[in-house]
Amino acid sequence: MCGIVGHVSSSPVNQQIYDSLLLLQHRGQDSTGIATAAGNTFHTIKRSGQVREAYRTRDMRTLLGNIGLGHVRYATSGASTDDEVQPFYVNAPYGILLVHNGNLTNTRELTDELFRVDRRHLNSSSDTELLLNVLANELQQSIDGNDLTVDDIFDAVESLHKRVEGSYAAIAVIAGHGLLAFRDPFGIRPLILGRRMGEDGRDEWVVASESLVLTAFGYDVVREVAPGEAIFIGTNGTMSSRRCVDETRLAPCAFEYVYLARPDSVMNGISVYDTRLNMGEKLAHKVEREMDVSEVDVVMPIPDSARPSAMQLAQELGLPYREGFYKNRYVGRTFIMPGQEVRKKSVRQKLNALEREFEGKNVLLVDDSIVRGTTSKQIIDMARAAGAKKVFFASAAPAVRYPHVYGINMPTRAELVAASRSVDEICKVIGADKLIFQDVDDLFDAITEGTGLTELDMSPFTGDYVTGTVTPEYLAYLEANRVS
């Protein structure tokens, strides 16, 4: 999972991109990059680590131009090295920079095609570099005449869709021409378009992973970039769009609503915060069916993303709600740490238990999900060490039993605590007195009820992959080649 943003402005965009990436920092902490364009010249800074530590004043002074893009990353495809830091660049045609959120699922085939057919060199194992080179090749093929037209660009994106499989929300800058944004035909990864009026009366534009970037800086939400749609914004601020795929379906990733997105974002017209309240309400009914609620003295969230669900669950069950864990906000989100050993070490650095809230009590802990189980076990151990008599555990998401191949770091079943275990077995592994998972149907309803959305990618819970191109052979390949 990554966070991406692109700006087209009537004034320098360096500070705007930096501020936007601070708001998207929760989507990736491995590395960050900012690139701007002044005429035909690109200026790029790419660094490992988080946004606030990555850039210096001298860096910002070099990022000239009124158009640019930015990226925060955690590794899903490719290594966690400086060579993988986005944006990626190719010098022809014209010069293109690109950032990408998602995960391609036909990387083996594309790598072979780009070498054998397109004669293009790849310098990394990143699927973003693959996506960029496919775009560059198709753009080269689509150019008809001396000048690059908007139709040429959209034709190239149309051809790209025919070659690329998986999830991708992407933003590119074409030197001397403008900014291009496009989304995969299933809309798995989010992308939203905003507009405001600049000081010179011209339209200024932003494209970002989450709506909070728009609302924080005074942009009006124009719309979500539609599945299969491409949007091009010229350097003069004119915007054009075209659907570049004949058949599209909106099937966004359910995990955006469960965990990844900030609660103050709206995705596909749906409030992330409201969906988490709904998850808590439905989970409360499941808890009532599964256990004697009178045994519970207090409900506590695992901060931060589980807080709305825990509050709503406590209200539905008429139980006291308390904050028993306090978070060190200067430690990253453990789910998106780059390696399992780092995740293990960071949990106790991140959370501290307030003993007075646990001592002598039967506690119901609520978390957004359970993926590997390592974090859940350590949190339960902390609760017991703080004096809890019993520790019950409820997950606002169903059991994660299958790899996520569309851009979230759950590549192998071997890493998933629920992959081959029953609920009782998982309960023993994490050390809880009782474990309750959200039902799949209830999660679907929590996100979609009262909306026009009819489909979600829920593959981590069901094993059904919306693109229809994920085969058992591909999953076996991931199992053999990607262990985080």
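Which residues in H9 meet residues in H10?

## Basis of the model

This is a predicted model, in which local features need pLDDT of at least 70, side-chain atom pairs count only at pLDDT 80 or more, and totals for chains, interfaces and linings use all residues. Residues are numbered from 1 along each chain as its sequence is written, and side-chain values use heavy atoms, with hydrogens and water left out.

## Helix H9 against helix H10

Tyr273, Arg276, Leu277, Met279, Gly280, Glu281, Leu283, Ala284, His285, Val287 and Glu288 of H9 meet Pro308, Ser309, Met311, Gln312, Leu313, Glu316 and Leu317 of H10 (contact means heavy atoms within 4.5 Å). This contact comprises 10 nonpolar, four polar and four charged residues.

Two packed helices are described by the angle between their axes and the distance between the axes. For H9 and H10 (residues 307-317), the angle is about 45° and the axes are 7 Å apart. H9 and H10 are therefore oblique to each other (angles under 35 degrees count as roughly parallel, over 145 as roughly antiparallel, 65 to 115 as roughly perpendicular and the rest as oblique).

## Helix H9 against helix H15

The axes of H9 (residues 272-290) and H15 (residues 440-448) come within 8 Å and cross at roughly 150°. That makes H9 roughly antiparallel to H15.

On the H9 side, Thr275, Asn278, Met279, Lys282 and Arg289 meet Asp442, Leu443, Asp445, Ala446 and Ile447 in H15. By class, the residues of this contact are four nonpolar, two polar and four charged.

## Gln15

Gln15 belongs to helix H1 (residues 14-23). The C-alpha atoms of Gln15 and Val134 are separated by 30 Å, and these residues are 119 residues apart along the chain.

How values were computed
Axes are lines fitted to C-alpha atoms, for helices over the stretch in contact, and angles run from 0 to 180 degrees between N-to-C directions. Helices (H or I, at least four residues) and strands (E, at least two) are DSSP runs, numbered from the N terminus. Ala, Val, Leu, Ile, Met, Phe, Trp, Tyr, Cys and Pro count as nonpolar, Asp, Glu, Lys and Arg as charged, and the others, Gly among them, as polar.
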